[in-house]
Amino acid sequence: MNHEDFMKIAIAQAKLGDTPYGTAIVKDNQIAIAAHNTVKQDNDPSAHAEVNAIRRLTAKLQNRSLEGYTLYSTCEPCPMCATACIWAGISEIIFGASIKDLIEFGAAQIDLPCEEIIAKGFREIKVTPGILKSECMALFK
């Protein structure tokens, strides 16, 4: 599987959620977990797709470290989710639409790119933007 295949899984997850955000976490070219946003369903403002996936995967593994894992997200992780990736030890973040794209579209976002959060953190995380960007933006239409 390639980046586009994994992003398609995140897109499918986004279609299941309260709002159109989905994620998949991958290791060794295998999906470890996929999740979607459940903020409204759970009445939990922290129940973003990325946080839900990290919580479920670390519980499943009985290990708080996700070193060596890649997180695919339909949209650039918000500051909270980017920070969760740092704490969890995610090695790479790959996303479709950027925070800037979403702001230009009119979606409520905190205008702070994940790379700025990562730069202030204590881990190096590779960030790759723009994978299936148009398909990810289409989730908002």
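Modeller: Let's take helix α4, which is mostly covered, with seven of its 10 residues buried. Please keep in mind that this is a predicted model. The helix spans residues 79-88, and its buried residues are P79, C81, A82, A84, C85, I86 and A88. The cover over these buried residues includes helix α3, the strands β3 (70-75) and β4 (92-97), and helix α6 (114-120).

Let's start with α3, which runs from residue 49 to residue 61. Two packed helices are described by the angle between their axes and the distance between the axes. Here α3 and α4 pack at about 25°, and their axes lie 9 Å apart. Because of that angle, α3 is roughly parallel to α4. The crossing of α3 past α4 is left-handed. On the α3 side, the contact is made by E50, V51 and I54, while α4 brings M80, C81, A84, C85 and A88. Seven of the residues in this contact are nonpolar, one is charged and none is polar. An α-helix has 3.6 residues a turn, so residues three or four places apart point the same way. With that in mind, look again at the α4 side of the contact, where C81, A84, C85 and A88 are among the residues taking part.

A disulfide is a covalent bond between the sulfur atoms of two cysteines. A search of the whole structure finds zero disulfides. Take C81, whose closest cysteine sulfur belongs to C78: the two sulfurs are 3.7 Å apart, and a bond is ruled out because that is too far, the cut-off being 2.5 Å. C81 is also buried, at 1% relative accessibility. For C114, the closest cysteine sulfur is that of C85, 7.9 Å away and therefore also too far for a bond. C114 counts as buried too, with a relative accessibility of 0%.

At 76% relative accessibility, K120 is exposed. The C-alpha atoms of K120 and T83 are 9.8 Å apart, although 37 residues separate the two along the chain.

Leaving out residues up to four places away in sequence, L57 touches I25, A32, I33, L66 and Y69. Its C-alpha is also 10.0 Å from that of A35, a residue 22 places away in sequence.

Most residues other than glycine have a negative phi, and most peptide bonds are trans. Just after α4, G89 has a positive phi of about 85°. N43, which is not a glycine, also has a positive phi, near 50°. You will find N43 in the loop between α2 (39-42) and α3, where it is exposed, with a relative accessible area of 70%. Q62 is another residue other than glycine with a positive phi, about 55°. Q62 belongs to the loop between α3 and β3, and it is exposed at 68% relative accessibility.

Notes:
Residues are numbered from 1 along each chain as its sequence is written. This is a predicted model: local features need pLDDT of at least 70, side-chain atom pairs count only at pLDDT 80 or more; totals for chains, interfaces and linings use all residues. Side-chain values use heavy atoms; hydrogens and water are left out. Buried means under 20% relative accessible area, exposed over 50%, partly exposed in between (1.4 Å probe, protein chains only). Axes are lines fitted to C-alpha atoms, for helices over the stretch in contact, and angles run from 0 to 180 degrees between N-to-C directions. Helices (H or I, at least four residues) and strands (E, at least two) are DSSP runs, numbered from the N terminus. Angles under 35 degrees count as roughly parallel, over 145 as roughly antiparallel, 65 to 115 as roughly perpendicular and the rest as oblique. A crossing is left-handed if the near helix is turned anticlockwise from the far one by less than a right angle, and right-handed if clockwise. Contact means heavy atoms within 4.5 Å. Ala, Val, Leu, Ile, Met, Phe, Trp, Tyr, Cys and Pro count as nonpolar, Asp, Glu, Lys and Arg as charged, and the others, Gly among them, as polar.
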